[in-house]
Amino acid sequence: MDGIEVFPRQDELGAEEFGNAIRAPLGIHRANMHRYWFEDAASGLVEQLEYLRTVKRLTASELESFTEGLSIPESVTSRPVIERPQYDTNQNSFQILQHVKVRAKRSGNYWTQCPSCAIQVRDRAMDNLAISIADPRHYKCWAGCTREMIREALGQPIPVRTHR
Ligand SMILES: [Zn+2]
C-alpha cells in the first residue's frame, strides 16, 4: 500500500468535468458488480445493517470537539502557480502537449512525468509536470526543472534569440 487516499481529490471542477468516483460501503461496483462491506461486520446485508445499528453515534458537540482546530494545511490546498513565460507567442510554435502523454487532469492542470526528470530517472510517480489546461503554453515542473531543461529533454531546445 502506498498511502492513504483522501477524497474528494479535486479542489474544484470545471463545467463538463467529473471528479473521482467515491466508493462507499454497501455500494456496488458497477464494473464487477461486487458489493463493498464495512470491514468490521460479516458480509451480507442483514449483518451489515445489524452492525450499523451498533456503531456509536456522535453527538453534535462530540463531532465538533473531534474536528475543532483541524484544518487543511495551506500546502495541500494551495493551487500550483503556473509560470507565465516571457516570450513572443507568435514566434513559438512549440506545444508541449504534442510531446508528452497526459496522465492526469486536476486543479486546472494536466499532469504527467516531467521529461527532464525522466532522463534523470526521477519522477517515477509521473506527476511532476503541470500543464495549464486553459493555456498549455504554461507548464511547470514541481521538482524544479527549468523550461530550458524540459525543452532540452524533449529535443526541442528553446531557440536562442540574438540581438538585431
Ligand atoms: Zn522535472
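Is D135 buried or exposed? D135 counts as buried, at 16% relative accessibility; buried means under 20% relative accessible area, exposed over 50%, and partly exposed in between, with a 1.4 Å probe and protein chains only. This is a predicted model, in which local features need pLDDT of at least 70, side-chain atom pairs count only at pLDDT 80 or more, and totals for chains, interfaces and linings use all residues. Residues are numbered from 1 along each chain as its sequence is written, and side-chain values use heavy atoms, with hydrogens and water left out.

A salt bridge is a side-chain nitrogen of Lys or Arg within 4 Å of a carboxyl oxygen of Asp or Glu. R137 is partly exposed, at 33%.

Next, select K56 and E62, whose side chains meet in a salt bridge (3.3 Å, N to O). K56 is exposed, at 58%, whereas E62 is partly exposed, at 24%.

Proceed to the zinc ion. The SG atoms of C114, C117, C141 and C145 coordinate the zinc ion at 2.2 to 2.3 Å; donors are N, O and S atoms within 2.8 Å of the metal (3.2 Å for Na, K and Ca), and water is not among the atoms, so sites may look incomplete. The donor residues follow the spacing C-x2-C-x23-C-x3-C. Colour C117 and C145 by accessibility: C117 is buried, at 0%, and C145 is also buried, at 9%.
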